[in-house]
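Hello,

Here is the structure I promised to pass on to you.

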Amino acid sequence: MASNRWHGVRISGGAMARSRRGVSILGAVVSMGGLAVLLAVPGVLQSAGISTPWMLATGVLVAGAGGAFTDLVKRRLERTATGREVVLDGCVRLPGDKRLPLVSDIDDPTLLGVRPSWSVDTGPPSPPYVQRDVHEGLVAQLQAGKFVLLVGDRLSGTTRTAYEAVRAALPGHTLIAPTSPAVDKLRAVIEHAKSLPRAVVWLDDLDQYLVPEGLTFQDVRHLVAGGHQRTIMATIKISNLNQLQSDASFEAWEAQRVLRDPKPVPLACKLTRSELDRARALSADERIGAALRPPREFGLAEYIGAGLPLFDRWRNASGTGAYPRGASLVSAAVDCRRLGLTRPLAREMLEELHTHYLAHRPRLQPEPVPEAWDWALKQHEGTLSLLMPSTPHSESAPLDVFRYLVDASEREDSERATGPEWVPDDLCTRVLALVAPDEAEAIASTAHSYGRYATVRSAFGHAIDQYSRRGGPGDERTLAARFGFARWLHVIGDFAEAEEVVRAVLGVQRQTLGADHPGTLASRQQLALLLFERGLPEAAVAECESVLARRIELLGEAAPETLESRMALTSMQERQESPHTAAARLRADTDARIADPDLGPAHSATLTSRFSLAIALWQLGQPRQAQEECRMVLEGRRRALGHAHCETLEVLGTLSSWRGQAGDAAGAAAGFAELLAAQERTLRPDDPSLRETRGLLAYWLERAAGAEAQ
């Protein structure tokens, strides 16, 4: 016979049902009175299906007891119902459920106190569990019916680890998880737990239950002793455990008796090597992947669990009556990280930058600077704060920022419907005036990834100027920065200016470093690539062959630089039939496809051949003819595929770039504006292609404005 989940009367489910019928009949019998009742009661009870001896015997006495017995039974049933309600109200339940859950019913760990993480488009609300090294030991102790105590620092992952261990060990047990340490409810919950044969008592943050009239040593012995399948899963912060164990007061004596029973299982914040391996296997989850990115100065649970509360604290502090100056100091640090600065940030620098954020809200009355620093540096989530000294306990050390704030800002920015805004231009300018030249180069790299080409140019200019002031125009760092600028110009397709910069760098390198210096040979290799891109393949191949020969002689065949030159030369030779031969072949192929009755000028194969012809003409140094062929391909693909098809947009982007390189900056800007509009209709807001197109549009708009001004 299945036992009832509620054992207030401590009889089987069938007997409880029969006893309830018996109580109602007893009430009727008592109201009749007299000798006939005395004789009839046992028979009436038996006819109601009640065969329990004590109930039959009680029936004989009912006539004498009268209404007093009925009142007694009713009060007892009322107390049982009230106790049941107290237990239900005092424990974790699933929404709308009138019973205590089984362990397996709780599939959301946040119901048991696990910190919520930020949501992702795909996947569960909580990240996958990274199994800790203590997991198997916890499971074994739980299955053995022991009192298990998991100890760790705040945000070390104790609650999630305990939750996963309980689910693995005892999925079919009733879960008793108090929602409050209030003594009246706690006593009812504990007493009910003692009546269950198979139960897990969940005590997250055990110390809150070790209060006068709370959990006692006898409660623990009763719960985990006597051959029943009951166990206790508890967690406690190590600081609270130490405080309880060292407390000499009389009130702490009972708590210390409770703590003598379990052997504490420690859990560290930082993952072990084996735990890291398991975490990396789950790094496809965005939250785990973000937490594992270097530098890993925080534990996995610290990053995921403290991130949202600290992020909300920062964002909510910018309003009137809060800490707008403190929030602005944090914003300055976050944006410095987003710009690409990795070093600890000087407090003086953040104080100078933070006024940018306050200037947009002139009616605010921000708190004094010392108060703002106190707020930004105050620890709120364990040992974590919004800003942290790079040297602990130092009041003057430069500062780090909690990395989650940077990552969350990046995610938020990428999800804007209008595209990412990154860091404001005027703040970029202010930061560039405060940083070293190598940091300016880092900002240039980050700005390129966001398509902020004007900032890239400014950052390279700052770096080159600072290096030149320190070491002169012939300094290797100056030349390296100018070379980096030339390579960036090559990447964005401004081959003419890139060649101009490379030739200038080469002139200085030959004079100051010598013809065989690695930097000089690298510049010559870059020049060869640019010559090929500009439609001068013979000169490009000759230059590349010369560089390859010197690198073989100086470095050997296996050197990375030698392999780079050999691969570049092979690529050029493969693309060089000669240019005239390639163009003639592609022209004949295109004409044949146009004349073919099965193909014709609008067929996709014909358009593909014509696009290859356009590229060959461009490389041959015939920009006008190349652009004409490209326009015809663009028109054909628009008619066949539509304006927003990826193949149509590929041709539009190529034609726009060619127009700019041929001197038509306004035409290039118009083409990239059309391309951007189409991409914004079809691509996700965080697609990298949008950043690239926005950057190219801004670049050619700037060039067009300059040409118009001249």
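A quick word on terms before the notes: two residues are in contact when heavy atoms of theirs lie within 4.5 Å. Please also keep in mind that this is a predicted model.

Let me start with Leu-405, where that term is needed. Leaving aside neighbours within four places in sequence, Leu-405 is in contact with Leu-310, Phe-311, Trp-314, Val-330, Val-334 and Leu-386. Leu-405 belongs to the largest nonpolar core, which has 123 residues. Along with Val-330, Phe-402 and Val-431, Leu-405 touches the most other members of that core. Which helix gives this core its largest share? That is helix H14 (residues 324-339), with 8 residues. Another core, of 31 residues, lies apart from this one, and Leu-100, Ala-193, Leu-215 and Ile-236 are among its members. As background, nonpolar side chains tend to be buried together in soluble globular proteins.

Strand S1 (residues 147-152) has 6 of its 6 residues buried. Phe-147, Leu-149 and Val-151 point one way from S1, while Val-148, Leu-150 and Gly-152 point the other way, and all are buried. S1 pairs with S4 (residues 229-237) in the parallel sense, over 6 bridges. S1 also runs parallel to strand S5 (residues 265-267), joined to it by 3 bridges.

Is S4 enclosed or open? With 8 of its 9 residues buried, S4 is largely enclosed by the rest of the structure.

Finally, have a look at a pair of helices. Helix H19 (residues 425-432) and helix H21 (residues 453-471) pack at an angle of about 10 degrees, and their axes are 11 Å apart. Angles under 35 degrees count as roughly parallel, so H19 and H21 are roughly parallel to each other. From H19, Asp-425, Cys-428 and Leu-432 make the contact, and from H21 it is Thr-455, Ser-458, Ala-459 and His-462. By class, this contact has 3 nonpolar, 3 polar and 1 charged residues.

Best wishes

How values were computed:
Residues are numbered from 1 along each chain as its sequence is written. This is a predicted model: local features need pLDDT of at least 70, side-chain atom pairs count only at pLDDT 80 or more; totals for chains, interfaces and linings use all residues. Side-chain values use heavy atoms; hydrogens and water are left out. Buried means under 20% relative accessible area, exposed over 50%, partly exposed in between (1.4 Å probe, protein chains only). Helices (H or I, at least four residues) and strands (E, at least two) are DSSP runs, numbered from the N terminus. Two strands pair if DSSP finds at least two bridges between them. Axes are lines fitted to C-alpha atoms, for helices over the stretch in contact, and angles run from 0 to 180 degrees between N-to-C directions. Angles under 35 degrees count as roughly parallel, over 145 as roughly antiparallel, 65 to 115 as roughly perpendicular and the rest as oblique. Ala, Val, Leu, Ile, Met, Phe, Trp, Tyr, Cys and Pro count as nonpolar, Asp, Glu, Lys and Arg as charged, and the others, Gly among them, as polar. A nonpolar core is a set of buried Ala, Val, Leu, Ile, Met, Phe, Trp, Tyr and Cys residues joined through side-chain atoms within 4.5 Å.
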